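This briefing goes through one protein model, topic by topic. Keep the sequence and the 3D view open while reading.

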Amino acid sequence: MIYPLPALLVTCGAVPEEYNVFTAAWTGTICSDPAMCYISVRPERHSHDIIERNMAFTLNLTTQELARATDWCGVRSGRDYNKLKEMGLTPVQGVKVAAPYLEESPMSIECSVRDIVHLGTHDMFVAEVMNVLADDRYIDPATGKFDLERAGLIAYVHGEYYSLGKALGHFGWSVKKKHAKK
């Protein structure tokens with residue numbers, strides 16, 4: 001019961017003929033230097049073989065506008081459907097890896113697989129972040145930071161999708177010293 005989780009659209013495939021997209025919530029950051037993350041995928045899933053063969057995938061953050069596509073791509077198989085076409089998603093050839101990213105995603109994280117850990121029902125693809133692509137519409141011009149709230153990201157919680165709420169504070173705000181009034 002470790003929730004909420006990101007609801008991501010993961011893209012894979014080195015050439016357009018094998019491009020696929022699927023939904024993953026079993027994902028996360030595992031190292032900051034070098035930047036690394038993981039996804040866990042069942043070996044029988046269509047995308048598992050594509051990722052294993054190309055040793056690459058791209059994590060695409062999802063939004064409220066992408067919620068239907070996020071769910072649909074999680075319950076349909078790429079063996080039976082061209083999910084990108086069915087959901088009107090636009091794959092763009094990866095910049096640094098042999099996997100496309102989604103034009104509709106506010107942020108895409110290109111990953112190169114470094115290791116595959118066989119765990120039981122799932123295999124964990126441990127990957128190094130090779131590139132991050134952010135939609136300029138969500139970059140705050142004053143700070144240069146990605147505006148998570150404005151992007152309208154969604155999360156997955158025990159079978160349900162939720163929009164994310166407002167920021168409550170920033171890292172370290174609970175211990176920040178207040179300036180004395182003069």
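The model is predicted.

**The main sheet**

- The sheet is open and is built from 7 strands, in the order S3-S2-S6-S9-S10-S5-S4.
- The pairing in this sheet is antiparallel.
- Strand S3 (20-24) and strand S4 (27-32) stand at the edges; each has a single partner strand, so one side of each is left without a neighbour in the sheet.
- From one strand to the next, the twist averages 35 degrees.
- In general, the strands of a sheet pair through backbone hydrogen bonds, and the pairing is either parallel or antiparallel.
- Strand S6 (residues 56-61) and strand S9 (residues 107-118) run antiparallel and are joined by 5 bridges.
- Within this pair, Phe57 stands opposite Cys111 in S9.

**Helices on the sheet**

- Helix H1 (residues 46-54) packs on the sheet, where it touches strand S2 (8-12), S3, strand S5 (35-41), S6, S9 and strand S10 (123-134).
- The direction of H1 makes about 110 degrees with that of S3.
- Helix H2 (residues 67-75) also packs on the sheet, touching S2 and S3.
- For H2, the angle between its direction and that of S3 is about 100 degrees.

**Nonpolar cores**

- The largest nonpolar core has 24 residues, of which Ile39, Ile51, Phe57, Leu59 and Phe125 touch the most other members.
- At least two residues of this core come from each of S2, S3, S5, H1, S6, S9 and S10.
- S9 gives the largest share, 5 residues.
- Which residues does Leu59 touch, not counting residues up to four places away in sequence? They are Leu8, Leu9, Val10, Thr27, Cys37, Ile39, Met107, Ser108, Ile109 and Cys111.
- Another core, of 11 residues, lies apart from the largest one; among its members are Leu66, Trp72, Met87 and Leu89.

- Strand S1 (residues 5-6) and strand S11 (residues 154-157) run antiparallel, joined by 2 bridges.
- In this pair, Pro6 stands opposite Ala155 in S11.
- S11 also pairs with strand S12 (residues 160-163), in the antiparallel sense and over 4 bridges.
- Here Ala155 stands opposite Tyr162 in S12.
- S11 and S12 form a hairpin, with 2 residues between the strands.
- His158, in the turn of this hairpin, has a positive phi of about 45 degrees.

Notes:
Residues numbered from 1 in each chain as written. Predicted model: local features only at pLDDT ≥ 70, side-chain atom pairs only at ≥ 80, totals over all residues. Heavy atoms only, no water. Pairing = 2+ DSSP bridges. Axes fitted to C-alpha atoms, helices over the stretch in contact; angles between N-to-C directions. Contact = heavy atoms within 4.5 Å. Core = buried A, V, L, I, M, F, W, Y, C linked by side-chain atoms within 4.5 Å. Buried < 20%, exposed > 50% of the residue type's maximum accessible area, 1.4 Å probe, protein only.
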